[in-house]
Amino acid sequence: MAKRRLVLTFPPSLVNKPVTYHLVKDYHLVVNILRARVTPEEEGKLVIDLEGSSDALNKGIEYLQKIGVHIQPLARDVVWRKERCTHCTACITICPTGALSVDRESWEVRFDKEKCIACELCIPACPYQAMEILL
Ligand code: SF4
Ligand code: SF4
């Protein structure tokens, strides 16, 4: 089994279509929606974990691209600008997944992209603009 965390951008024409249903039914993929921002008749965005065999994943991604969904890996989505971070820890209690945490030895803040679901809560919480979303 393989797993990909992806940001899907839907054009307005696809916002009301059962795209994730097809991924499950036709491609036998497990779809876990981590974040959704969908407004009727406007562009929609989903952050998902997609899980299945490598072959099924490739075919599911091909299907998405074919119908006009733009796909990018989540790893490029949220960025921690380490050089701007003062380790003030204002973001730590706000982050719901533990992606931002404090090293108890050095008291420095760390960012673990693997845990980040791009919820954006840290963006306004950071007084130094050290967290950025690249959508
Ligand atoms: S975007 Fe959300 S999950 Fe990611 S680091 Fe910020 S608060 Fe944590
Ligand atoms: S709020 Fe910003 S400056 Fe403070 S620890 Fe978090 S990322 Fe660093």
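The model is predicted.

I'll start with ligand 1. The residues around ligand 1 include four cysteines by name, Cys-95, Cys-116, Cys-119 and Cys-122. Among the others are Pro-96, Thr-97, Ala-99, Leu-100 and Phe-111. Ile-117, Ala-118 and Glu-120 complete the list. Sorted by class, that shell holds ten nonpolar residues, one polar and one charged.

Cys-116 has a relative accessible area of 12%, so Cys-116 is buried. Cys-122 has a value of 11%, and is therefore buried too.

Next, ligand 2. There are 13 residues around ligand 2. Which of them come nearest? They are Cys-85, Cys-88, Thr-89, Cys-91 and Cys-126. The class count for the ligand 2 shell is ten nonpolar, three polar and no charged residues.

Now to the strands. Strand 1 covers residues 2-10 and pairs with strand 3, residues 44-52, in the antiparallel sense. Nine bridges make up that pairing. As one point of reference, Ala-2 sits opposite Gly-52 in strand 3.

Strand 1 is also joined to strand 4, residues 70-73. That pair runs antiparallel as well, with four bridges. Here Leu-8 has Ile-71 of strand 4 as its bridge partner.

That is what I have on this model.

Technical notes
Residues numbered from 1 in each chain as written. Chains lettered and ligands numbered in written order. Predicted model: local features only at pLDDT ≥ 70, side-chain atom pairs only at ≥ 80, totals over all residues. Heavy atoms only, no water. Buried < 20%, exposed > 50% of the residue type's maximum accessible area, 1.4 Å probe, protein only. Near = heavy atom within 4 Å. Nonpolar A, V, L, I, M, F, W, Y, C, P; charged D, E, K, R; others polar. Pairing = 2+ DSSP bridges. Helix = DSSP H or I, 4+ residues; strand = E, 2+ residues; numbered from the N terminus.
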